[in-house]
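Here is a structure to read step by step.

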Amino acid sequence: MKVRNCKECGKLFQYDGISKLCYRCRKKDDEDFRKVKEYLYENPKETITVVSEETQVPEDKILRYLREGKLEIVGENPGILLDCESCGKSIRTGRYCEQCARALERGFKGDGEREKERKPQERSTRERMHIAQMKNKRK
Ligand SMILES: [Zn+2]
Ligand SMILES: [Zn+2]
């Protein structure tokens with residue numbers, strides 16, 4: 001078995017291939033998560049600063065839970081908001097807003113439709129040239 005340094009406390013621990021934290025820190029992390037979750041369940045409108053003070057869990061850790069999609073803000077809470085990493089819109093959980101997540105899923109499938117639109121444009125350019133020639137004749 002491999003041995004690694006715990007990302008949280010720096011102590012050596014036996015790496016299981018999954019967690020970057022030692023057993024003690026992982027247990028603490030689970031406890032912190034449960035505390036934040038329970039606190040937000042009872043106080044869904046509190047700001048992240050208050051939640052952090054009341055649960056003794058650092059703010060960046062709470063934000064990490066939100067980014068990882070473990071926690072979701074219930075209802076309208078102007079105190080805790082994340083920004084969509086793509087468009088900057090306020091979101092409640094994860095990394096992207098619904099629209100950006102959907103757009104990323106679709107990828108570049110929309111290009112085929114734009115290709116179709118280009119052809120009639122080429123034709124109209126030739127027609128315009130023709131009209132221009134007729135105007136010149138009239139002079
Ligand atoms: Zn540790
Ligand atoms: Zn977005």
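The questions below ask what stands behind each label in this predicted model.

Q: What makes up the secondary structure of the chain, and in what order do the elements run?
A: The chain has five helices and four strands. Starting at the N terminus, the order is β-β-α-α-α-β-β-α-α.

Q: How much of the chain counts as buried?
A: The figure is 9% of the 139 residues. To be counted, a residue needs 20 or more other C-beta atoms within 10 Å of its own.

Q: What makes up the largest nonpolar core?
A: Six residues do: Val36, Leu40, Ile48, Val57, Ile62 and Leu66. Helices α1 (23-42) and α3 (59-67) each supply at least two residues of this core. As a general rule, in soluble globular proteins nonpolar side chains tend to be buried together.

Q: Which residues does Val36 contact, leaving aside neighbours within four places in sequence?
A: Val36 is in contact with Val51, Thr55, Val57, Ile62, Tyr65 and Leu71. A contact here requires C-beta atoms within 7 Å.

Q: Why is Val51 called partly exposed?
A: Val51 has 19 C-beta neighbours inside 10 Å. Buried needs 20 or more, and exposed means 12 or fewer. The count for Val51 lies in between, so Val51 is partly exposed.

Q: Where is Val51, and which residues does it contact beyond four places in sequence?
A: Val51 sits in helix α2 (residues 48-55). Its contacts are Val36, Tyr39, Leu40, Glu46 and Ile62. Val51 and Leu40 are eleven residues apart in sequence, with 7.4 Å between their C-alpha atoms.

Q: Why is Gln56 called exposed?
A: Gln56 has 9 C-beta neighbours inside 10 Å. The cut-off is 12 or fewer. Gln56 meets that cut-off, so Gln56 is exposed. Gln56 lies in the loop between α2 and α3. The phi of Gln56 is near 65°, a positive value in a residue other than glycine.

Q: Why do Lys61 and Leu63 count as partly exposed?
A: Lys61 has 16 C-beta neighbours inside 10 Å, and Leu63 has 15.

Q: Where are Lys61 and Leu63, and how far are they from Phe33 and Leu82 in turn?
A: Lys61 is in helix α3, and Leu63 is in helix α3 too. Lys61 is 28 residues from Phe33 in sequence and 8.7 Å from it in space, C-alpha to C-alpha. Leu63 and Leu82 are 19 residues apart along the chain, and their C-alpha atoms are separated by 8.1 Å.

Q: What makes helix α4 hardly covered?
A: Helix α4 spans residues 98-106, and the count of buried residues among its nine is zero. Gly107 follows α4, with a positive phi near 65°.

Notes. Residues numbered from 1 in each chain as written. Chains lettered and ligands numbered in written order. Predicted model: local features only at pLDDT ≥ 70, side-chain atom pairs only at ≥ 80, totals over all residues. Core = buried A, V, L, I, M, F, W, Y, C linked by C-beta atoms within 7 Å. Contact = placed C-beta atoms within 7 Å.
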